[in-house]
Structure formats: structure tokens, C-alpha cells
Amino acid sequence: MLNVVIFGKPGSGKGTQAAIIKDKYGLTHISTGDVFRKNISQGTELGNIAKQFMSKGELVPDKITIAMLESEIKGFMPCNGFILDGFPRTILQAESLDKLLVNLNLKIDLVIALDVPNKNLINRLLKRGKTSGRSDDQSKEKIDIRLEEYDNKTKPLIIFYENQKKFYSIDGVGSLTDVNIRLVDVIDSKCND
Ligand code: ADP
């Protein structure tokens, strides 16, 4: 079993790369953003709550997000492993994830960050906003809030996972294939350790 967290700022390409990695290694891809968006489009209670935060560019509160992730993971068990995209995004989420996995006799093997400068991210997100229809991609102000949320709440996870000796960072600028090759290199070198 291989459990990977794909980590990075908004627009760093987590979802795109996770979708490729999932097929290559036969993993179950869980994107918290996608689960929230599905709930919003279905008008569920979870969706209605998440929407209030997502539309402003803020993180959805931990309690809600952690409960949602827990039910997703349990719902996909048993499986070959997970690729988590967009989770964890806070220290509390990371600690809760560790506890949940211990209870299931599992662990995170690798956390791989896609490193992309803010200037590229803002351009990518504004461009994506033209076709994605995502309200949080529509304005520079909302994108700035998402980047601030990352700096304040998500960035501390780098040290959290460095302390666990699981953190790797790759250059996330380049073609989809180039970035994917870098990602696969890290996974393969760690899996063959
Ligand atoms: P991106 O990483 O490009 O911003 P996502 O689809 O991963 O896109 O996330 C979109 C939004 O969904 C976030 O801005 C946040 O509001 C919400 N969200 C996703 N994952 C989490 C999480 N782990 N904790 C809190 N909120 C989350």
C-alpha cells in the first residue's frame, strides 16, 4: 500500500498530477476540493456550509473537513492506497489524519510539494477561471486570500512533515509531462528504498 499527499499552493497543479499518478500506481484519488464542489452542486447540507467559505477563498473549518475526509477514506477501504489532494491543509487536519490512519493500520508514506512561484500561480488561476466557472478563481482578490490562507495555515505543514522525514519538494513549473516525470522519480526512488 502506498499513501501519498500531493501538496502545494492553489493552482500548483495538484489535481492534474494526482489524476495521472492515480492511474499509474492504481491509487484512490481523494480531492477535498472536488468533494466539496460535488456537494455544492448537489445542494447538500455539507455543500451549503462549504460554499460560504470557498466562495470567499477561505478554508472550510477543520471539524467539517476532517469528518468529510474520514468518511471518504473509510468509504474507499480496502484499496491499494490513496493520493490525497488538498488535504491536509492545517496542522489539526494533519494530526487528525495521522490518528485516523493509525486506527486503520495505515500511514502516509510521502508528501510531495509542487513548488510554483506566486506570479505563475496567479496567472494560472485567472486563466483557469475563464473556463472552470469556479467562483474562487474569478478575481485577483480571492486568489490573494487563498494564498494568504496557504501561508498562514498550510505552510506550517512543511515542517510537520519534514520532522516525520516524509517531505519532498519538486519544481512545479514546466510541462505537465516534465512535472510528472519529477513526481514519479520521487515516488519510485522512495518506494524502492
Ligand atoms: P486549489 O488548491 O486550487 O485552491 P481545491 O479544489 O483544492 O483548489 O480547493 C478549493 C477550496 O476548497 C479551498 O480554497 C477551500 O475553501 C476548500 N478546501 C479544499 N480542501 C480543503 C481543506 N483540506 N481544508 C479546508 N478547506 C478546503
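Predicted model: local features only at pLDDT ≥ 70, side-chain atom pairs only at ≥ 80, totals over all residues.
Read along the sequence, the chain follows the pattern β-α-β-α-α-α-β-α-β-α-α-α-β-α, and there are nine helices and five strands in it, where helices (H or I, at least four residues) and strands (E, at least two) are DSSP runs numbered from the N terminus. Residues are numbered from 1 along each chain as its sequence is written, and side-chain values use heavy atoms, with hydrogens and water left out.

Let me take the overall dimensions next. For 193 residues, a compact globule would have a radius of gyration near 16 Å, and the chain has 16 Å, which agrees; that radius is taken over C-alpha atoms, and the globule rule is 2.2 Å times the number of residues to the power 0.38. The C-alpha trace spans about 45 × 35 × 30 Å along its principal axes. Of the 193 residues, 45% count as buried, where buried means under 20% relative accessible area, exposed over 50%, and partly exposed in between (1.4 Å probe, protein chains only). Among the contacts in the chain with a separation of 6 or more, residues 24 or more positions apart account for 72%, a contact being heavy atoms within 4.5 Å.

Now to the strands. Strand 3 (residues 82–85) is covered on both faces, with Phe82 and Leu84 on one side and Ile83 and Asp85 on the other, all of them buried. Strand 1 (residues 4–7) runs parallel to strand 3 and is joined to it by three bridges, and two strands are said to pair if DSSP finds at least two bridges between them. Within that pairing, Ile6 has Asp85 as its bridge partner. Strand 2 also pairs with strand 3 in the parallel sense, over four bridges, and there Ile30 stands opposite Leu84.

What does Thr28 touch, not counting residues up to four places away in sequence? Thr28, which lies in strand 2 (residues 28–31), touches Phe76, Cys79, Gly81, Phe82 and Ile83, and at 15% relative accessibility Thr28 counts as buried.

I turn now to helix 6 (residues 118–132), whose 15 residues should span 21 Å at 1.5 Å a residue, and whose end C-alpha atoms are 20 Å apart, which agrees; the expected span is 1.5 Å times one less than the number of residues. Leu121, Ile122, Leu125 and Gly129 are buried in helix 6. Seen down the axis, these buried residues fall within an arc of 95°, so they line one face of the helix, the arc being that of the directions from the helix axis to the C-beta atoms. The buried residues of helix 6 pack against helix 7 (140–154), whereas the face turned away from the buried side carries the exposed residues Lys119, Asn123, Lys127, Lys130 and Thr131. Just after helix 6, Gly133 takes a positive phi of about 70°.

Leaving aside residues up to four places away in sequence, Ile158 touches Phe7, Tyr150 and Phe167. The C-alpha atoms of Ile158 and Met54, 104 residues apart along the chain, are separated by 23 Å.
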